Amino acid sequence: MVMPEVREAGLASYLASKGVSRRTFLKFCGGVAAAIGLSSTMGPKVAEALEIGSATGKLIPVVWIEAGSCSGCTESLAQAVEPDVATLVLDYLSLNYSETLSAAAGHSLEKAKEETIEAGGYILIYEGAVMTGWDGNALMVADEKGTDALIHAASNALAVISAGSCAVDGGWCAAHPNPAGAMGVQKFLKQNGIATPVINLPSCPVNPEHIVEVVMNFVLTGQLPKLNSNNEPELSFGQLIHENCPRRGHFENGEFVYEFGSDEERKGYCLYAMGCKGPQTYSNCPVVRWNGKASWCVEAGAPCIGCASCNPRSSRNNWVNNNAPFLQRFHDMHVGSTNFQPTTLAIAVTGIAGVAIAAHGFGMKFAGRTKGGAPIETESDWSKKQPKAAEAPEVVEDVQEGGDE
Amino acid sequence: MARSVIDPVSRIEGHLRVEMEVSGGKVTDAWVTGGLFRGMELILQNREPADAAMIAQRICGVCPISHAHAACFAGEGAYGITLENGARLVRNILEGSQFLHSHILWFYNLTGLDYVDPTNALSANVADTYDLANAAGTGNSDFAAVKKHLESFIKNGQLSIFSGNWFSRDTFNLPPELDLIATAHYLEALQYQAKASQISGLLGGKMPHIMTSIPGGTTYVPTVEKIDDALMRAIEIRDWVANTLIPDTLAIGPYYTEALGFGKGPGRYAAWGVFNSPSQKPNERYLPAGVIDGKFKLHDVDESLITEYTGHSYYKTESNLNPRHGLTDPEFPEGGRDLEGKYTWCKAPRYDGKPYEAGPLSRMLVAYMRGVPEIVKLIDSTTKTLGVGIHDLESVLGRIVARNLECLYIANLEVEWLTELGKAAADPSTKYFTEPAHETGEGAGMWEAPRGALYHFERIKNNEIQDYQIIIPTTWNISPRDADGVKGPMEQALIGCPVDDVEKPINALRVVHSFDPCVACAVHVNEPATGKHFEVVTNPWGVK
């Protein structure tokens with residue numbers, strides 16, 4: 001199946017150097033196949049594709065640009081465990097430009113980027129918001145405006161991966177008052193008439209498993225994964241966090257945490273009363289988890305703050321504007337396309353035991369355990385100041401210089 | 001005279017540009033430019049302190065925990081509350097795991113490639129490599145496999161992250177065997193920095209950007225199981241730092257003794273202190289607070305002496321204010337960057353009117369002068385081994401040594417704290433959270449990120465933020481000139497730095513990286529004033 005000289009290739013010996021046997025490697029490849037929606041019997045095919053790529057110099061070139069970013073998404077990629085970042089950037093891909101990882105600096109680094117762009121056939125991974133403030137001067141790299149650099153790099157790319165919420169819709173950088181005119185890649189490229197496909201991977205930072213999923217899919221099939229209407233991979237962003245939450249059972253039983261550091265938290269009760277945004281945020285966080293599957297937010301007693309919720313068409317609907325104050329029980333609960341108004345929720349919570357709300361394929365039941373917890377606000381002071389963007393997500397927004405006020 | 005520009009400066013966090021005047025083979029003047037403005041302080045207005053802790057940490061993906069904690073301390077000051085002991089321990093552990101992550105990553109994966117040339121490792125003799133590793137007392141790896149991997153990697157012809165590198169036999173001094181050892185450990189380091197972050201994940205939900213630290217304490221009541229998982233990792237990291245990172249530092253250092261001779265900053269050092277002891281007093285922290293003046297004399301920190309000057313930065317108003325009364329009114333100048341006028345997004349912080357260096361060197365010197373026993377022992381024994389004095393640490397190599405010794409100190413403490421938390425967690429009366437005493441007030445969080453002194457200030461009214469100001473460590477270090485024309489610490493450190501090739505000023509890059517700048521910034525070498533064009537640098541295999 002695999003030619004002997006290919007078996008001697010870099011990847012196999014590298015893995016051997018790390019004590020990874022061929023058997024383990026094949027098992028891992030089966031996992032990769034499953035993660036991108038192929039049958040795990042495709043494992044050997046995955047192995048072959050990876051090994052041939054690393055032996056023949058046909059690895060897919062990647063340009064990773066940091067814009068209005070905190071470098072957290074690059075950092076997040078560095079936390080990938082299977083495969084780890086070294087394997088990923090040395091054996092699966094050719095990462096020709098990365099401000100954080102590249103050995104080169106200055107004009108040498110810019111040259112490497114330029115040559116890659118000219119040659120084409122690369123994937124652009126974009127981290128951070130597009131900074132349009134002061135006519136693009138909010139971000140300058142190598143004496144070039146960040147906005148010009150994006151147009152240049154995206155035009156010739158096979159695809160653009162918007163890694164993390166800032167790249168998807170501006171993220172926190174676009175939070176009110178959006179001082180530097182931050183916006184997402186998809187909308188920016190559309191405004192500039194660039195048709196390169198965009199894959200959105202929201203959450204703050206990006207989950208490295210999501211990057212691996214898209215990239216491996218592309219390496220193996222030459223195709224992008226199936227995307228939803230937000231251009232997110234359907235497989236990763238098709239279900240609510242709530243649907244896969246291990247604390248879900250407590251939600252069904254009406255067992256909630258009402259105070260941090262309490263016995264209820266010790267018992268691992270549901271965090272909904274503390275403002276958890278799991279019931280309205282689409283992501284498979286409870287499945288992929290974080291940091292080599294060590295844990296994830298809710299498992300560590302932290303209510304979800306909805307960092308994976310996004311709206312690539314409107315930077316006003318970034319996750320911070322839509323979800324803060326994070327620890328307030330949500331005044332307007334979205335489940336799928338259905339909005340639960342506070343009154344509905346209040347009735348449900350104030351003791352009509354056994355009220356079942358069936359929506360979007362899941363049922364929930366409040367059992368009347370309703371004391372304490374954060375107050376249910378009819379509308380937060382914060383929200384009163386916000387444009388009512390949530391009700392009109394398709395709004396076309398003009399980003400003005402220097403902010404949105 | 002020639003201009004040398006590094007833009008972007010890579011292997012840092014953020015966007016930084018460095019422009020230098022080079023004369024007689026040395027840097028005679030320097031300008032450091034922070035290339036990105038996002039406006040965090042403005043975004044935090046009118047929000048709640050708990051939200052500020054969540055949002056403010058997103059200023060930096062490498063040191064988010066420090067920002068979360070500085071924001072928490074500011075909020076707790078405003079709320080008038082003190083942390084419970086359980087929360088104190090959890091925060092130390094979270095902070096410690098982030099320091100370990102950051103320091104390991106920095107030494108091997110960021111600044112490491114200024115000293116280690118993986119392509120040179122190809123000519124290493126594998127048997128000699130084992131001998132050398134044993135002689136240096138550093139960790140073994142399957143060096144043969146790493147070499148073979150490197151060979152096939154280079155044969156493949158795609159250089160990936162090594163595209164356009166500055167490796168050269170003239171400026172990279174290690175023998176091939178040591179290059180091979182360090183390359184093997186470069187790969188190991190990637191695994192250990194991830195392991196350190198897994199501790200943050202276990203107690204913080206995820207890393208980067210933890211979820212559990214909010215004003216009042218921690219939302220998580222840690223379970224014995226999670227603490228055990230974290231402790232196992234902390235022990236592995238401690239052993240690896242002691243047996244690999246430290247011996248590597250001592251093995252590589254002697255090949256670059258010239259790096260003791262340049263890179264000294266202003267010679268003034270500021271540390272706000274980090275890792276609370278049970279007293280929670282800044283001067284009694286595991287790494288205590290203090291400032292060292294230009295005469296190398298230690299003082300207690302006085303917050304009122306901090307000012308930020310904006311005359312050379314892209315802000316409307318020229319001001320020199322204490323951050324409690326600070327102003328953030330960004331405006332990019334119409335004429336663009338002007339080295340005589342406004343040339344950076346970064347403000348110019350000063351302490352008592354003077355530039356101060358922030359970072360592990362500052363912390364270690366302050367701890368040394370405060371007589372923290374473990375630090376005194378570490379510094380004395382290391383300077384003795386290297387045959388240098390305490391003032392030699394005020395250099396590029398000194399910053400590396402200080403950071404790596406600090407890494408060892410924290411690796412030991414991390415195991416202690418986790419052991420202590422394990423005992424505390426078994427006791428159901430241990431507390432982790434405190435409700436606010438009042439919701440109107442103000443507070444400053446003076447803390448440390450891995451890169452140095454970190455300051456968050458907030459004023460709240462009815463739990464709503466009226467004013468928020470942040471001074472990050474890199475702002476101290478990459479500060480532009482002030483009203484008196486006095487250069488910032490990195491600008492001063494670059495002066496006198498030897499530059500043989502204005503197109504590849506590797507020593508300047510070493511100076512910049514020794515601060516581990518965190519600006520999402522880029523250091524650029526400008527068009528040479530001589531009119532000489534940049535040589536086109538391509539890798540010999542071509543970029544694919």
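My entries follow, one topic at a time.

**Entry 1. The model and chain A**

I note at the outset that this is a predicted model. I began with chain A. I counted 18 helices and 13 strands there. Chain A has 405 residues, and 64% of them are buried. I then looked up its contacts between residues at least 6 apart in sequence. Of these, 73% join residues at least 24 apart.

**Entry 2. Salt bridges, total and a local pair**

How many salt bridges does the structure hold over all chains? I found 37. I started with a pair in chain A. Asp263(A) and Arg266(A) form a salt bridge, with 3.5 Å between the closest N and O atoms. Both residues sit in helix H14 of chain A, which covers residues 263–266. Because they are 3 residues apart in that helix, about one helical turn separates them. Asp263(A) is partly exposed, at 48% relative accessible area. Arg266(A) is also partly exposed, at 28%.

**Entry 3. A bridge between two helices of chain B**

I moved to Glu420(B) and Arg88(B). Their salt bridge has its closest N and O atoms 3.6 Å apart. This pair links distant parts of the chain, 332 residues apart. Glu420(B) belongs to helix H11 (residues 396–425), and Arg88(B) to helix H4 (residues 85–110). Is each partner buried or exposed, or in between? Glu420(B) counts as partly exposed, at 35% relative accessibility. Arg88(B) counts as buried, at 2%.

I stayed with H4(B) for a moment. Of its 26 residues, 25 are buried, so I logged the helix as mostly covered. I also checked its length. At 1.5 Å a residue, the 26 residues of H4(B) should span 38 Å. The end C-alpha atoms are 36 Å apart, which agrees.

Next came Arg363(B) and Glu448(B). Their side chains meet in a salt bridge at 2.7 Å, N to O. The two residues are 85 apart and link distant parts of the chain. Arg363(B) is in helix H9 (residues 360–369), while Glu448(B) is in strand E13 (residues 441–449). Arg363(B) is buried, at 0% relative accessibility. Glu448(B) is buried too, with a relative accessible area of 0%.

I then looked for bridges that share partners. One network joins Asp143(A), Arg3(B), Asp7(B), Arg17(B), Glu19(B), Glu21(B) and Arg337(B).

**Entry 4. Ile470(B)**

The C-alpha atoms of Ile470(B) and Pro64(B) are separated by 13 Å. Along the chain, these two residues are 406 apart.

Terms used
Residues are numbered from 1 along each chain as its sequence is written. Chains are lettered from A and ligands numbered from 1 in the order in which they are written. This is a predicted model: local features need pLDDT of at least 70, side-chain atom pairs count only at pLDDT 80 or more; totals for chains, interfaces and linings use all residues. Side-chain values use heavy atoms; hydrogens and water are left out. A salt bridge is a side-chain nitrogen of Lys or Arg within 4 Å of a carboxyl oxygen of Asp or Glu. Helices (H or I, at least four residues) and strands (E, at least two) are DSSP runs, numbered from the N terminus. Buried means under 20% relative accessible area, exposed over 50%, partly exposed in between (1.4 Å probe, protein chains only). The expected span of a helix is 1.5 Å times one less than its number of residues. Contact means heavy atoms within 4.5 Å.
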